[in-house]
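Biologist: I would like to learn how to read the features of a model such as this one. Please show me the structure and take the features in turn.

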Amino acid sequence: MNKFNIIAISAAIAFAFSNGAMAAQSMTKVEYQSAKDKIAANYKSAKARCDSLTANAKDVCMAEAKGKENVAMAELEAHSNPSEKARHDVNIAKAEAAYAVAKEKCDVKTGNDKTACVKEAQAKEARAKANAGKPAPEKSAAASPKKESAGVYFDDSVITAKVKAAVLDEPSLKSAEINVETSKGRVQLSGFVRSRADINKAVEVAKRVEGVKVVKNDMILKGTQ
């Protein structure tokens, strides 16, 4: 199938899911279920259109269809039960959908080009999630984010996303395999790196992220494990 048809299919998918989600404003339970069924039907139809494609074009189309379904469902929830968390979930769904499509598009590349493409997709997802932040927890929630000076709150998941984005944005760490975990503002870095300089740089980058209290290094030099 030519490029024009692929674009046309993608546009049709976007239109269908958008209509399905927006119809959910001020709805009854029956209307909610109807909108939910419509989203499912739209996804099934979009998936059928993707079946006419082959190879990477089909994979990209499927990722787009699934991503749009997920976003539409998140938007449905946000329209049905408006809240800060629901709006946040929409932004997260959009970030994950964009990453899924970008990752599939990377499959046409090979070697270092593919690795760099995936890294860039991961960096964009991390930045999008970091920008989405996280809504303040309900008053009844057992856990609460830590509070810094001037009344600024930092949630561990937000710190993790920001550290990941900062690490992926550092040119000297592009080929590193660094994992990030955060607990009460204390960041743990693990995974494999090429040199001691990479370890020092990763720790330095993490420490610069707002909200980070302590950085623990559990990274391992490649070839020494």
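Modeller: Start with a salt bridge, here a side-chain nitrogen of Lys or Arg within 4 Å of a carboxyl oxygen of Asp or Glu. Asp218 and Lys216 meet through their side chains in such a bridge, at 3.9 Å from N to O. The model is predicted, so local features need pLDDT of at least 70 and side-chain atom pairs count only at pLDDT 80 or more, while totals for chains, interfaces and linings use all residues. Residues are numbered from 1 along each chain as its sequence is written, and side-chain values use heavy atoms, with hydrogens and water left out.

Biologist: Are Asp218 and Lys216 buried, partly exposed or exposed?

Modeller: Buried means under 20% relative accessible area and exposed means over 50%, with partly exposed in between (1.4 Å probe, protein chains only). Asp218 is partly exposed at 28%, and Lys216 is partly exposed at 48%.

Biologist: How many salt bridges does the structure hold?

Modeller: Side chains of opposite charge can pair when their charged atoms come close. The structure holds 12 salt bridges. One of them joins Glu204 to Arg208, with the closest N and O atoms 2.9 Å apart. Glu204 is partly exposed at 37% relative accessible area, whereas Arg208 is exposed at 54%. Asp107 and Lys114 form another, with 3.4 Å between the closest N and O atoms. Asp107 has a relative accessible area of 36% and is partly exposed; Lys114, at 30%, is also partly exposed.

Biologist: Which residues are linked in a network of salt bridges?

Modeller: Glu96, Glu125 and Lys129 are linked in this way.

Biologist: How should I read the packing of helix H5 against helix H6?

Modeller: Helices (H or I, at least four residues) and strands (E, at least two) are DSSP runs, numbered from the N terminus. Axes are lines fitted to C-alpha atoms, for helices over the stretch in contact, and angles run from 0 to 180 degrees between N-to-C directions. H5 (residues 111-132) and H6 (residues 156-169) pack at about 145 degrees, with their axes 8 Å apart.

Biologist: Which residues of H5 and H6 meet?

Modeller: Contact means heavy atoms within 4.5 Å. On the H5 side the residues include Lys119, Gln122 and Ala123, and on the H6 side they include Val158, Ala161 and Leu168. The residues of this contact divide into seven nonpolar, one polar and six charged. Here Ala, Val, Leu, Ile, Met, Phe, Trp, Tyr, Cys and Pro count as nonpolar, Asp, Glu, Lys and Arg as charged, and the others, Gly among them, as polar.

Biologist: How do strands E3 and E4 run, and how many bridges join them?

Modeller: Two strands pair if DSSP finds at least two bridges between them. E3 (residues 177-183) and E4 (residues 186-193) run antiparallel and are joined by seven bridges. Glu177 stands opposite Phe192 in E4. Their hairpin has two residues between the strands, and Lys184 takes a positive phi near 55 degrees there.

Biologist: In which sense does E4 pair with strand E5?

Modeller: E4 pairs with E5 (residues 214-221) in the parallel sense, over eight bridges. Arg186 has Val214 in E5 as its bridge partner.

Biologist: Is Met219 buried or exposed?

Modeller: Met219, in strand E5, is buried, at 8% relative accessibility. Leaving out residues up to four places away in sequence, Met219 touches Ile178, Leu189, Ser190, Gly191, Val193, Ile199, Ala202 and Val203. Met219 and Gln188 are 31 residues apart in sequence, and their C-alpha atoms are 9.0 Å apart.
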